[in-house]
Amino acid sequence: MAKKKLTKEVYLKWYEDMLFWRKFEDMAAALYIQQKIRGFLHLYNGQEAVLAGALLAMEQGDKMITAYRNHVQPIGLGVDPRKIMAELMGKVDGTSRGKGGSMHMFSKEHHFYGGHGIVGGQIPLGAGLAFADKYKGDNNVTLCYMGDGAVRQGSFHETMNLAMLWNLPVIFIIENNGYAMGTSVARTANHTDIYKLGLGYEMPCKPVEGMDPKVVYEEMQEAIDRAKSGGGPTLLEIRTYRYKGHSMSDAQHYRTKDEVAEYQKIDPIITVKDVIEKKKWATEDDFAEIEQRVKDLVKECVDFADASPFPEAHELWEGIYVQEDYPFITE
């Protein structure tokens, strides 16, 4: 497909979307501290360009699957952010009626297939989604995301092999944010260019600058075009950075505040805003309006989630089996 023009509208949407994702995650962190969100919470702050660039390249019917840093991806694909916030808070109006929580977002309607808590567990499932498209003759592609730590799982290598053997329309995307859960690549492998793992399977592979949505879009579009034209899988190592810890319980002893500050100088939101300002696509008043819309929407999400009740006890037995009168459940 022809590349999309990176117009004023694209950049303004990138700016507003990424700003909203950032503020949504900031609010989630605040709610976690208030104990309104429990369990684990993995935030996407700093990695927004990876999603923004990919969404521009995707077409209707294309699928996305990822690990457990997964709050903003379904929002980008069209899921109501109020329902995402309600799910984070374990409320009945959430995307899974409060039973999935932070690590298990899902929306079949919007082609978002999780949200997986097992490290690397989503990788073979991503290939399976692509296999289904090929089997049915649908000209769609699956974007299968993983962290830099997940490539040490055997399932990664098994899936790479089968994806090439069956020539599947899938893009494997390593979101290399530097430290997996808390250990750098340099301390876990004898190589730091993770994308080169694709060479062992003769899979097209390359590194991608992950702090600029323009670069991500261009590389993603090339990989999607290859997949949809019958060229098979691609492995992209998108080099990004997370400003927050692996999760809210991460003390981050493995890096310095100065290191984080250096990456914040190339923040994707600032990068996009700089382009908009240089091209005079928006005034300060325009930016102020965007920021107010974002602030209002975040508040609306919290108000919606606060107003939603917790699931009642009978919900434990619902939405588990397709057969409604499954005989082995007793309340």
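Reply: Happy to; we will take the charged patch and then the aromatic pairs. This is a predicted model, where local features need pLDDT of at least 70, side-chain atom pairs count only at pLDDT 80 or more, and totals for chains, interfaces and linings use all residues. Residues are numbered from 1 along each chain as its sequence is written, and side-chain values use heavy atoms, with hydrogens and water left out.

Me: Which residues gather in the patch of negative charge on the surface?

Reply: Patch residues have over 30% relative accessible area and no salt bridge, with like charges joined within 9 Å. Asp and Glu count as negative. Here the patch gathers D274, E277, E284, D285, D286, E289 and E291. Two elements give two or more residues to the patch, α9 (268-278) and α10 (284-307). The largest share, 5 residues, comes from α10.

Me: Is E284 buried or exposed?

Reply: Buried means under 20% relative accessible area, exposed over 50%, and partly exposed in between (1.4 Å probe, protein chains only). E284, found in helix α10, has 54% relative accessibility, so E284 counts as exposed.

Me: How many aromatic pairs are there?

Reply: Rings of Phe, Tyr and Trp (its six-membered ring) pair if their centres lie within 6.5 Å; planes under 30 degrees apart count as stacked, over 60 as edge-to-face and the rest as tilted. By this rule the count is 11. One of them, Y11 with W281, is tilted, at 5.8 Å centre to centre and 50 degrees between the planes. Y11 sits in helix α1 (residues 8-33) and W281 in the loop between α9 and α10, 270 residues apart. Y11, W14 and W281 form one aromatic cluster.

Methods. Patch = residues over 30% accessible without salt bridge, like charges linked within 9 Å, V, L, I, M, F, W, Y side chains within 5 Å. Areas by Shrake-Rupley, 256 points an atom, 1.4 Å probe, with all protein chains shown as cover. Salt bridge = Lys/Arg side-chain N within 4 Å of Asp/Glu carboxyl O. Charge placed at Lys NZ, Arg CZ, Asp CG, Glu CD. Helix = DSSP H or I, 4+ residues; strand = E, 2+ residues; numbered from the N terminus.
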